[in-house]
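Please read it alongside the sequence and the coordinates.

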Amino acid sequence: ESIIESIIEFIIQFIVAGFATFSFAVLFSAPKKRTALLGFSGAFGWILYYILVQLGMGVVIPSLIATFCLTILARIFAVIRSTPVTVYLLTGIFPLVPGAGIFYTATIYLPMTGISSSKGIETFEVAGAIVLGIIFGFGIPQSLFHLVKKSDGIKFHPDFFFSCVKRTSQSASLLAHERSRFAICQWELSTPTDRSIPPHPPLSA
């Protein structure tokens with residue numbers, strides 16, 4: 001039951017993060033044709049961060065890793081869709097921004113307790129990890145991302161999958177036909193015939 005509950009919790013976290021990122025993109029007038037990918041990028045970064053936090057890695061290292069992976073994903077989407085990378089990065093990073101930490105720091109700071117300093121330090125560490133994740137993500141050469149898309153462009157057609165299946169089935173049927181022919185030839189060669197081969201006439205001197 002614990003595994004099922006964990007899977008359900010991951011699914012809920014993914015859906016909520018995707019919906020929040022989608023709403024953020026719509027609120028700030030992001031390109032309408034890209035809103036689905038924007039929601040997915042935000043959900044991807046958050047679910048990766050959430051899994052790493054559940055593994056007991058704290059909040060700083062998961063923020064760094066999630067932001068790094070999110071930056072790579074944003075650059076891939078930007079190359080495939082011919083869109084500026086900031087469109088996917090700024091919206092996708094929305095769930096990772098430590099807004100709650102800043103709020104808690106401000107509210108706890110009012111009574112001047114020692115908790116405010118630790119919370120503030122943690123917030124600045126998370127913000128620094130996000131910045132480093134973006135820097136590391138942009139440190140990868142752009143030429144590697146252009147390998148994802150050919151020079152003449154990649155076009156995905158709806159019938160692409162079905163055509164591949166059809167060609168595979170045709171190749172399989174052709175291979176089966178050739179194998180059957182080969183088996184028949186082997187059987188004919190191994191089966192003795194009733195006809196006797198006449199001896200070769202002797203050579204005359």
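Buried residues account for 25% of the 205 residues in the protein. The model is a predicted one. It contains eight helices and zero strands, and its pattern along the sequence is α-α-α-α-α-α-α-α.

**Contacts along the chain**

- Of the contacts in the protein between residues at least 6 apart in sequence, 70% link residues at least 24 apart.

**Packing of α1 against α4**

- Two packed helices are described by the angle between their axes and the distance between the axes.
- For helix α1 (residues 2-27) and helix α4 (residues 85-92), the axes come within 9 Å and cross at roughly 125 degrees.
- This angle makes α1 oblique to α4.
- The crossing of α1 with α4 is right-handed.
- On the α1 side the contact is made by T21, F24 and A25, and on the α4 side by L90, T91 and G92.
- By class, the residues of the contact of α1 with α4 comprise three nonpolar, three polar and no charged.

**Nonpolar cores**

- In soluble globular proteins, nonpolar side chains tend to be buried together.
- The largest nonpolar core consists of 11 residues: A25, A30, L38, L73, A74, F77, A78, V85, V87, Y88 and L89.
- Two or more residues of this core come from each of α3 (60-81) and α4.
- Apart from this core lies another, of seven residues, including Y49, A66, L70 and V126.
- V85, a member of the largest nonpolar core, touches A74, R75, A78 and F138, leaving aside residues up to four places away in sequence.

How values were computed:
Residues numbered from 1 in each chain as written. Predicted model: local features only at pLDDT ≥ 70, side-chain atom pairs only at ≥ 80, totals over all residues. Heavy atoms only, no water. Axes fitted to C-alpha atoms, helices over the stretch in contact; angles between N-to-C directions. Helix = DSSP H or I, 4+ residues; strand = E, 2+ residues; numbered from the N terminus. Parallel < 35°, antiparallel > 145°, perpendicular 65-115°, else oblique. Left-handed = near helix turned anticlockwise from the far one by under 90°. Contact = heavy atoms within 4.5 Å. Nonpolar A, V, L, I, M, F, W, Y, C, P; charged D, E, K, R; others polar. Core = buried A, V, L, I, M, F, W, Y, C linked by side-chain atoms within 4.5 Å. Buried < 20%, exposed > 50% of the residue type's maximum accessible area, 1.4 Å probe, protein only.
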